[in-house]
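Hello,

Here is the structure I said I would pass on. Please look through it first; my notes follow below.

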Amino acid sequence: MPRLTVLGSCGAWPEPGRACAGFLLSHEDFHVALDLGYGAAPQLFRHVPADRLDAIVVTHEHPDHLADVSALGRARHYTTDRKLPMHCTPGTVRRLAAMEPNPAPAEIFDLHDLGPETDLGPFRLAAALLPHHVPNYGVRLTTPGYTLAYTGDTGPAPQLTDLARDADVLICEATLQGAPPDGPRHLMTAAEAGQLAASANVATLLLTHFWPGSDRAVSVAEARTEFSGEVLAAEEGLMLNHA
């Protein structure tokens, strides 16, 4: 039975007692992390020791999504000789190397570019390039009877519907509230997250990447005006079990 655990839910920087982007997906004793922003590593280690993690996927290079990958790398360096498979962008590797050049990321991680479909333990990993300030990939993880989709950070894009189609859980960035701003878009509103969930026929919409200080109940309410299915706000420690 797949289990999703929220490690961090904030965008930009973490609120007190919270962490930035991070999720843990576990199935058949296989554990994969999706992003590890500021403060997400200690949340991860509550559930899985560093040397028990089986893979990590990093959607893009912004530090609120990757800063604690460095902490994970240090923990792996001192606890195991096994390289950890990491699927990410080239910019992610450059940022990690700037934080800690010795040991270099390639000495700790088995590096793979996001983009091509591949097997990841019991899951099939697919990715779609989405609009953001830097290259960002939404990811889709499937295993028989279960699909998880995660947007990373993105503005509205037509390819989001295919990424999320018929997902059991859609983790969708919902940084903004109210009417969408004019001009080029690199982030989404909560209502747009609801529209995506409806168009893609997902079962559960999990809103995340909340701007620090924002009222999360407002985001949930705005998403519910567009989507009649289950809408949840990501909260550190929240677990979703799929029967």
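Two residues are in contact when heavy atoms of theirs lie within 4.5 Å. Helices (DSSP H or I runs of at least four residues) and strands (E runs of at least two) are numbered from the N terminus. Buried means under 20% relative accessible area, with over 50% called exposed and anything in between partly exposed, using a 1.4 Å probe and protein chains only.

This is a predicted model, in which local features need pLDDT of at least 70 and side-chain atom pairs count only at pLDDT 80 or more, while totals for chains, interfaces and linings use all residues. Residues are numbered from 1 along each chain as its sequence is written, and side-chain values use heavy atoms, with hydrogens and water left out.

The whole chain

The protein chain has eight helices and 14 strands. Its C-alpha trace spans about 50 × 35 × 35 Å along the principal axes. The radius of gyration (over C-alpha atoms) is 17 Å. For 243 residues, a compact globule would have a value near 18 Å, so the two agree; the globule rule is 2.2 Å times the number of residues to the power 0.38. Of the 243 residues, 57% count as buried. Taking contacts between residues at least 6 apart in sequence, 61% join residues at least 24 apart.

The cores

A nonpolar core is a set of buried Ala, Val, Leu, Ile, Met, Phe, Trp, Tyr and Cys residues joined through side-chain atoms within 4.5 Å. The largest one has 26 residues, and L160, L170, C172, V202, L205, L207 and V231 have the most contacts inside it. At least two residues of this core come from each of β8 (123-130), α6 (159-164), β11 (169-173), α7 (190-200), β12 (204-208), α8 (216-224) and β13 (230-233). The largest share, five residues, is supplied by α7. Another core, of 25 residues, lies apart from it and includes A55, L120, Y146 and L148.

What does C172 touch, leaving aside its neighbours within four places in sequence? C172 is in contact with T151, M188, A193, L196, L205, L206, L207 and T208.

Helix α7

Because eight of its eleven residues are buried, α7 is largely enclosed by the rest of the structure. Those buried residues are A190, A191, E192, A193, G194, L196, A197 and A200. They pack against α6, β11, β12 and α8. After α7 comes N201, which has a positive phi, near 60°.

Regards
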